[in-house]
Amino acid sequence: MALVFAAAMLLGAPASWAQDYPNRPVKIIVPFPAGGTADAVPRLVAEWLSRKWGQPVVIENPTGAAGNIGTDQAYRAEPDGYTLLSAPPPPLVINLNLYPNLPFDPMKFEPIAILAQVPNGVIVNPSRVSAKTLPEFLSYLKANPGKVTSATQGNGTTSHLTSEMLQMMGQVKVQHIPYRGTAPALQDLLSGNVDFMCDNLGVSLPLVDSGKLRLLAVASPKRMASLPNMPTVAETLPGFESVAWYAVVAPPKTPKAITEKINADINEALRDPQLQDRLKKLSAEVVGGSTEATAKYLRDEVERWHKVIKAANVKLQ
């Protein structure tokens, strides 16, 4: 009888944890520097959750190794829901195809939700590139193979892989110029030292709006509600998609009852009109959805970038 009672207590534990969760501060690890979109999006959601939960929701930013350092910390954290990870694509779906000896298995994280996504775009310096549309630009690239320079955030980054996908699907060749992050790459693009960049619109759109750079197309699967007149890359190259998204996951073996509760509360946050307005200012479009949909989204992204990395023979240097 005692054994039956003990077993029942264990089976019921996750549900009771979820009912009480959270009863102390929650930490969200963002493995990239504060100030960028990867930090700003989860920070907005964390503020909302803190108000709902009546507990501090703290963002920490252990950086380095393309997000791998902070991701590993989250991976090894206690699976109780009090340490979560919020990350863009690299440490969750890209790095496993680039780093042969990752100290963690990103596919073992417990998926919770995709908060939002910010499309990448094909952006040119108008003083160096006269093309005003993507088809014109692709024609220019075909006429000048290997001569046009593509700035990226660095080897293996989303901007690099998006540029590789553009070359692969557009059957063109450009010269890759890697930088150490977005800021120096954009600075050289603005200065006219490079020709174009496939960049996250959350960072570069203000420069487009000011006329300093020209956006030729967005890499979202369909046109953005905030830019209805801007074509997608897929309208020229069917199937092309490259968005920076921001996921929340939990350490492996976090109880399902906990991840489902967090998922429900995040989806409630994402329905808040005020939060949506704040995300729009970052060029971010709400995603949300179930934990199952999140798991499928991540699996599909692993496959998408694996194909690009393999086809382009991308190597870390």
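**Exercise 1. Determine whether Glu241 is buried or exposed in this predicted model, and identify the salt-bridge network to which Glu241 belongs.**

*Solution.* 
Step 1. The relative accessible area of Glu241 is 17%. Buried residues are those under 20%, so Glu241 is classed as buried.
Step 2. The side chain of Glu241 forms a salt bridge with that of Arg304, with an N to O distance of 3.4 Å.
Step 3. Arg304 belongs to helix H11 (residues 291–312), whereas Glu241 is in the loop between S8 and S9; the pair therefore ties together parts that are 63 residues apart in sequence.
Step 4. Arg304 has 22% relative accessibility and counts as partly exposed.
Step 5. The network of salt bridges links Glu241, Glu301 and Arg304.

**Exercise 2. State how many salt bridges the model contains, and describe the pair formed by Glu60 and Lys27.**

*Solution.* 
Step 1. The count comes to 14 salt bridges.
Step 2. In the salt bridge between Glu60 and Lys27, the closest N and O atoms are 3.8 Å apart. The criterion is a distance within 4 Å, and the pair is accordingly listed as a salt bridge.

**Exercise 3. Locate the salt bridge between Glu235 and Arg223 and classify the accessibility of each partner.**

*Solution.* 
Step 1. The side chains of Glu235 and Arg223 meet at 2.8 Å, N to O.
Step 2. Glu235 and Arg223 are both in the loop between S8 and strand S9 (243–250), twelve residues apart.
Step 3. Glu235 has a relative accessible area of 46% and is partly exposed. Arg223, at 36% relative accessibility, likewise counts as partly exposed.

**Exercise 4. Classify the ring pair of Tyr21 and Trp53, and place its residues in the fold.**

*Solution.* 
Step 1. The count comes to six aromatic pairs.
Step 2. In the pair of Tyr21 and Trp53, the ring centres are 5.5 Å apart and the planes are at 75 degrees, so the geometry is edge-to-face.
Step 3. Tyr21 is in the loop between helix H1 (2–20) and strand S1 (26–29), and Trp53 is in helix H2 (residues 37–53); the pair thus ties together parts that are 32 residues apart in sequence.
Step 4. Both accessibilities fall in the buried class: Tyr21 has a relative accessible area of 4%, and Trp53 has one of 11%.
Step 5. Ring pairs join Tyr21 and Trp53 with Tyr82 in a cluster. Arg24 lies over the face of Tyr82, at 3.7 Å from the ring centre.
Step 6. Arg24 is also among the residues touched by Gln55, as are Pro22, Asn23, Pro25 and Ser50. Gln55 is in the loop between H2 and strand S2 (57–60) and is buried, with a relative accessible area of 17%.

**Exercise 5. Classify the ring pair of Tyr75 and Phe104.**

*Solution.* 
Step 1. The centres of the Tyr75 and Phe104 rings are 6.1 Å apart and their planes are at 50 degrees, so the pair is tilted.
Step 2. Tyr75 lies in helix H3 (residues 68–75), and Phe104 in the loop between helix H4 (89–94) and strand S4 (110–124); parts that are 29 residues apart in sequence are therefore tied together by the pair.
Step 3. Tyr75 and Phe104 are both buried.

**Exercise 6. Describe the surroundings of Pro90.**

*Solution.* 
Step 1. Pro90 is in helix H4 and counts as buried at 12% relative accessibility.
Step 2. Apart from neighbours within four places in sequence, Pro90 contacts Phe32, Ala66, Asn95 and Thr158.
Step 3. The C-alpha atoms of Pro90 and Trp305 are separated by 9.8 Å, although the two residues are 215 residues apart along the chain.

Definitions and conventions
Residues are numbered from 1 along each chain as its sequence is written. This is a predicted model: local features need pLDDT of at least 70, side-chain atom pairs count only at pLDDT 80 or more; totals for chains, interfaces and linings use all residues. Side-chain values use heavy atoms; hydrogens and water are left out. Rings of Phe, Tyr and Trp (its six-membered ring) pair if their centres lie within 6.5 Å; planes under 30 degrees apart count as stacked, over 60 as edge-to-face and the rest as tilted. Helices (H or I, at least four residues) and strands (E, at least two) are DSSP runs, numbered from the N terminus. Buried means under 20% relative accessible area, exposed over 50%, partly exposed in between (1.4 Å probe, protein chains only). A charge sits over a ring if NZ of Lys or CZ of Arg is within 6 Å of the ring centre and within 35 degrees of the ring normal. Contact means heavy atoms within 4.5 Å.
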